[in-house]
Amino acid sequence: MGNLIRMDQYRMRKVKGFWICLGLAFLISLGYVPLAYVMLNLAKSLSSEVTDVFPATFNLYELIGNPLTALIIMLCLLSAAFFFYADMENGYIKNIAGQMPKRGFSILSRFLAVIEHNLIFMLTALVGQLIGSMIFQRMVTEGSLVSAVLMFLLRLLLLQSLCSILLLVSSSLRSKSAGVVLAVLLGIPAMELLYTAIDSGLRMLLNQPTFTIAPYMPDVLLREGKPDTLRAILSSAVTIGIFLSLSISVFDKRDVK
């Protein structure tokens, strides 16, 4: 299993989409604060009603705890979808499937290999935004570094749970286009429209006018400034448990092509 994971990690680094998305993630993170600075000054020059003051400092610990923006999440998930489907395109899975006691091991290996993938994206976003922030702002350290690191790891877990959904669509169901579309929808707040529709149906069914599922969805929690720890862990655990198990089961039952 260890060799299979290492092969998947090597294969992941050979996917062109990984480097393209990673480069874009760094550039977007690098330009996030400078662009905000330029846009605010431009707005002030065009209208005297704009009185906002650009923050003179940024908190390193807050940045560590939340280095991701919606665009970075989308790029990370797109790269993961490309990686999950890559073996279907180049015949890798057909060559190696017969060498494994269960073909589902390949799905588990990809899920574990993508942990490194997500960590690289998060660290890249952190470094890019840190460099961009230091150009215009002074760095301060307020709060707890331990709490910041724990929040960073919590977001990594939430990101991993989203990848378990992509894994089912891209690898087990073998649909690259559906995986790409889902990555975009999960990366931006578009899925909240679906949650609103589900809420409406469940409210009528359960006769609970305040019922809502959005606060328990991993993509919503990932975008929150400071998600509830217990809720995030439970949401991730349930999502991974359902979708990873389903991915392995479906892949084992389908013929390798």
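Reader: Which side chain does R11 meet in a salt bridge?

Author: R11 pairs with D8, at 2.7 Å from N to O. A salt bridge here is a side-chain nitrogen of Lys or Arg within 4 Å of a carboxyl oxygen of Asp or Glu. This is a predicted model, where local features need pLDDT of at least 70 and side-chain atom pairs count only at pLDDT 80 or more, while totals for chains, interfaces and linings use all residues. Residues are numbered from 1 along each chain as its sequence is written, and side-chain values use heavy atoms, with hydrogens and water left out.

Reader: Ok, where do R11 and D8 lie?

Author: Both are in helix α1 (residues 2–13), 3 residues apart, about one turn of the helix. Helices are DSSP runs (H or I, at least four residues), numbered from the N terminus.

Reader: Is D8 buried or exposed?

Author: D8 counts as buried because its relative accessibility is 1%. R11, at 8%, counts as buried too. Buried means under 20% relative accessible area, exposed over 50%, and partly exposed in between, with a 1.4 Å probe and protein chains only.

Reader: And what does E116 meet in a salt bridge?

Author: The side chain of R13, at 2.9 Å from N to O. That pair links distant parts of the chain: E116 sits in helix α6 (residues 104–136) and R13 in helix α1, 103 residues apart.

Reader: Switching topic: which residues are buried in α9?

Author: M191, Y195 and D199. Seen down the axis of α9, the buried residues fall within an arc of 85°, so they line one face of the helix. The arc is that of the directions from the helix axis to the C-beta atoms.

Reader: What's on the face turned away from that buried side?

Author: That face of α9 carries the exposed residues L193 and M204.

Reader: So what covers the buried residues of α9?

Author: The cover includes α8 (176–187) and α10 (218–223). Contact means heavy atoms within 4.5 Å.

Reader: Which residues have the most contacts inside the largest nonpolar core?

Author: L77, F84 and F121, in a core of 58 residues. The largest share of this core, 13 residues, comes from helix α7 (residues 145–172). A nonpolar core is a set of buried Ala, Val, Leu, Ile, Met, Phe, Trp, Tyr and Cys residues joined through side-chain atoms within 4.5 Å.

Reader: What is F121 in contact with?

Author: Leaving aside neighbours within four places in sequence, F121 is in contact with F18, C21, L22, A25, L75, C76 and S79.

Technical notes: Helix = DSSP H or I, 4+ residues; strand = E, 2+ residues; numbered from the N terminus.
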